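Biologist: Please take me through this structure one feature at a time, giving me the general idea before the particular case.

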Amino acid sequence: MKLLVIGCGQCGGRIADEFALLNKKARVQGNFDILTNTLAVNTDVADLSGLTNIKSDFQHRILIGNKRTGGHGVGKMNDVGAEVARADGDKVIEAIRQTPKLADTDAFLLIAGAAGGTGSGSISVLTHMIKERYIDKPVYNMIALPFRYEEATEERSIYNVGTCLKSAYLAADAVFLIDNQRYLKKNAPIRNNLAKINRMVVKPFYNVLCAGEETNAKYIGSKVLDAGDIIQTLSGWTVIGYGRAESPRFKVNKLVDFRAKNTGNQHGMQAMDEALGDLSVKCDPTEAKKALYLLTAAPNQMNMDLINDLSSSLKNMAAEAIIRTGDYPRGAGSDVEVTVILSELVNSRKVMDYFSRTIEYVNRAKRRQSGAEYEQMGLGETFKDIPSLL
């Protein structure tokens, strides 16, 4: 599957930068592309300058709202970010049009942090604009949820998250939810920590995107998980997980000891359990209406018993889901990797919690505004008879 990736704001731009690096890896390992283009959109010049893998010309690093912000961002005001995107969104559309292999794009993926200003505000606006112009291609969003300390110390961030999630859900064909807190290492330096989180966010997508673009016949699976399967799966709230386990090596064209074979299948199940336990947002798999998994391993590490076990395991976890499967025989050594996507989640507790807290924030803001207006009226009554020197 080939994506055109657009990072919105600081968080979205950095994750998009990691996707660009992932595409370089696909070129080196497989001699094919999984991205047709990677763009970064921001109101802050410094954030755009900090990227390393996205091309540095103005058609790949797109500055919007410069007249209004002076290139210094919107200060976490996502309503301003939305206004700027509406005013300057044509810059993004023009950059998309300049993509040499735009026709090969299977879908668009726009990425943003929910708690910020530029990304949180612009992602749904740009999604809507792209869907109006490219009606035959799905447009997906990836929303990174804030750390706990952001929620605790920056009250405005809750409002940004709620409005961003609602707008993205209404605009996009599917929304990947990413909980930054699940990847946090408390004692690591913040720069290294954030970089590692971004790498962990994009890592689960690698095998899924590569499987359908593989050109080497010996690495093409017996059941290829292609763009069509992924597009049919992705809908509404969506999470992704990745698991890896080391399986014993089987000798090709020789009988495998039954204990070794059983151990190999157990390691495959371990990878599935790890993927389900390490989903990008904690959720209840029974609430998924659609799901897929991809098994990636060396050809001699995969067998029908393992496929059946993995399928049964996922079906037991997501009983109501339509499940699509695939295998990708390009594993490294004795590793067994499993990627799982759960989509069309009926009720995400994490999202519902943000919506409830956003409503509380709005109500508090209204009360504060009413109180401020009342105090202002009282102040006016107090000094109206005092002469002014102005």
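Modeller: Let us begin with Glu344, which lies in strand E10, residues 335-345, and bear in mind throughout that this is a predicted model.

Biologist: Where does Lys76 lie, and what is its phi?

Modeller: Lys76 is found in the loop that runs between helix H3 (66-69) and helix H4 (78-97), and its phi, near 65°, is again a positive value in a residue other than glycine. With a relative accessible area of 33%, Lys76 is partly exposed.

Biologist: What is the order of the strands in the open sheet?

Modeller: In general, the strands of a sheet pair through backbone hydrogen bonds, and they may do so in a parallel or an antiparallel sense. Here the open sheet has ten strands in the order E3-E2-E1-E4-E5-E6-E7-E10-E8-E9, and the pairing is mixed. Strand E3 (61-63) and strand E9 (322-328) stand at the edges with a single partner strand each, so one side of each of them has no neighbour in the sheet. Ignoring direction, neighbouring strands of this sheet are turned by 20° against each other on average.

Biologist: Which bridge partner does Cys8 have in E2?

Modeller: The partner of Cys8 is Val41, and the strands concerned, E1 and E2, run parallel and are joined by six bridges. E2 also pairs in the parallel sense with E3, in this case over three bridges, with Ala40 standing opposite Arg61 in E3.

Biologist: Which helix makes a right-handed β-α-β unit with E1 and E2?

Modeller: That helix is H1, so named in the unit formed by E1, H1 and E2. Helix H1, residues 9-30, lies across strand E1 (3-8), strand E2 (35-42), strand E4 (107-113) and E5, and it runs at about 150° to E1.

Biologist: Over how many bridges do strand E5 and strand E6 pair?

Modeller: Strand E5 (residues 139-145) and strand E6 (residues 174-179) pair in the parallel sense over six bridges, and within this pair Asn141 stands opposite Val175 in E6. Helix H7, residues 155-171, lies across E5, E6 and strand E7 (236-246), with a direction at about 165° to E5.

Biologist: At roughly what angle do the axes of H4 and helix H5 cross?

Modeller: Two packed helices are described by the angle between their axes together with the distance between the axes. For H4 and helix H5 (residues 118-133), the axes come within 7 Å and cross at roughly 45°, and the two helices are therefore oblique to each other. The crossing by which H4 passes H5 is right-handed. Residues that make the contact include Gly81, Ala82, Ala85 and Gly89 of H4 and Gly121, Val125, Leu126 and Met129 of H5.

Biologist: How do the axes of H5 and H7 cross?

Modeller: The axes of H5 and H7 come within 8 Å and cross at roughly 10°, and these helices are therefore roughly parallel to each other. On the H5 side the contact involves Ser120, Ile123, Ser124, Thr127 and Lys131, while on the H7 side it involves Asn160, Cys164, Ser167, Ala168 and Ala171.

Notes:
Residues are numbered from 1 along each chain as its sequence is written. This is a predicted model: local features need pLDDT of at least 70, side-chain atom pairs count only at pLDDT 80 or more; totals for chains, interfaces and linings use all residues. Side-chain values use heavy atoms; hydrogens and water are left out. Helices (H or I, at least four residues) and strands (E, at least two) are DSSP runs, numbered from the N terminus. Buried means under 20% relative accessible area, exposed over 50%, partly exposed in between (1.4 Å probe, protein chains only). Two strands pair if DSSP finds at least two bridges between them. Axes are lines fitted to C-alpha atoms, for helices over the stretch in contact, and angles run from 0 to 180 degrees between N-to-C directions. Contact means heavy atoms within 4.5 Å. A crossover is right-handed if, with the strands pointing away from the viewer, the path from the first strand over the helix to the second runs clockwise. Angles under 35 degrees count as roughly parallel, over 145 as roughly antiparallel, 65 to 115 as roughly perpendicular and the rest as oblique. A crossing is left-handed if the near helix is turned anticlockwise from the far one by less than a right angle, and right-handed if clockwise.
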